[in-house]
Amino acid sequence: MAKAKSNKKIDKSEKVEKIESTIDPQKAAEAIEQEKKERVTQCGKEVVMVLKKYNCDFDITMLLRQGSITPNIQIVAK
């Protein structure tokens, strides 16, 4: 695809206004966290939908050892 050429000439004597913007770090962190939560929610919905589609479920157990807990998650047919 050919690039369109602009016929507008640049006047170097024109004053260019510099625009500065800053992003509030706290608001940015909040937006990232919100986006993560939304992705986790959507992933959870998709997993539940697939489990239902294939009539499967999670079998969740915990292995308790002195000083540690190890989760064990398996997908099983109902």
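**Entry 1: Lys-36 and Glu-33**

I looked up Lys-36 and found a salt bridge to Glu-33, with the closest N and O atoms 3.8 Å apart. A salt bridge here is a side-chain nitrogen of Lys or Arg within 4 Å of a carboxyl oxygen of Asp or Glu. This is a predicted model, in which local features need pLDDT of at least 70 and side-chain atom pairs count only at pLDDT 80 or more, while totals for chains, interfaces and linings use all residues. Residues are numbered from 1 along each chain as its sequence is written, and side-chain values use heavy atoms, with hydrogens and water left out.

Both Lys-36 and Glu-33 sit in helix H1, three residues apart, about one turn of the helix. Helices (H or I, at least four residues) and strands (E, at least two) are DSSP runs, numbered from the N terminus. I noted the accessibility of the pair: Lys-36 is partly exposed, with a relative accessible area of 38%, and Glu-33 is partly exposed at 40%. For these classes, buried means under 20% relative accessible area, exposed over 50%, and partly exposed in between (1.4 Å probe, protein chains only).

**Entry 2: other salt bridges**

How many salt bridges does a search of the whole structure find? I get two. Besides the pair in the entry above, the side chains of Glu-35 and Arg-39 meet in a salt bridge at 2.8 Å, N to O. Glu-35 and Arg-39 are four residues apart in helix H1, so about one helical turn separates them. Glu-35 is partly exposed at 37% relative accessibility, and Arg-39 is partly exposed at 48%. As background, side chains of opposite charge can pair when their charged atoms come close.

**Entry 3: the helix and the chain as a whole**

I checked the length of H1. The helix has 29 residues and reaches 42 Å from first to last C-alpha, close to the 42 Å expected at 1.5 Å a residue; the expected span is 1.5 Å times one less than the number of residues.

The protein chain has one helix and two strands, in the order α-β-β along the sequence. Of its 78 residues, 3% count as buried. The chain exposes about 8,400 Å², and carbon and sulfur atoms supply 57% of that area. Accessible areas come from the Shrake-Rupley method with a 1.4 Å probe; for residues, only the protein chains shown count as cover. I also looked up the contacts with a separation of 6 or more: residues 24 or more positions apart account for 3% of them. Contact means heavy atoms within 4.5 Å.

**Entry 4: Asn-55**

Where is Asn-55 found? I located Asn-55 in the loop between helix H1 (25–53) and strand S1 (56–65). Its phi is near 55°, a positive value in a residue other than glycine. Asn-55 is partly exposed, at 45% relative accessibility. Leaving aside neighbours within four places in sequence, Asn-55 is in contact with Ala-77 and Lys-78. For Asn-55 and Ala-77, 22 residues apart along the chain, I read a C-alpha separation of 6.2 Å.

S1 and strand S2 (residues 68–77) pair in the antiparallel sense over 10 bridges; two strands pair if DSSP finds at least two bridges between them. I looked up Phe-58 and found Ile-75 as its bridge partner in S2. The hairpin of S1 and S2 has two residues between the strands, and in it Gly-67 takes a positive phi near 85°.

Asp-57 is placed in strand S1 and is partly exposed, with a relative accessible area of 36%. Beyond its neighbours within four places in sequence, Asp-57 is in contact with Leu-51, Gln-74, Ile-75, Val-76 and Lys-78. Asp-57 and Ile-75 are 18 residues apart in sequence and 5.7 Å apart in space, C-alpha to C-alpha.

**Entry 5: nonpolar patch**

Which residues form a nonpolar patch on the surface? I listed Val-47, Phe-58, Ile-60, Met-62, Leu-64, Ile-69, Ile-73 and Ile-75, with about 830 Å² of accessible area together. The elements that give two or more residues to the patch are S1 and S2, and S1 gives the most, with four. Patches are made of residues with over 30% relative accessible area and no salt bridge, with like charges joined within 9 Å and nonpolar side chains (Val, Leu, Ile, Met, Phe, Trp, Tyr) within 5 Å.

I took Ile-69, which is found in strand S2, as the example. Ile-69 counts as exposed because its relative accessibility is 56%. In a regular strand the side chains alternate between the two faces of the sheet.
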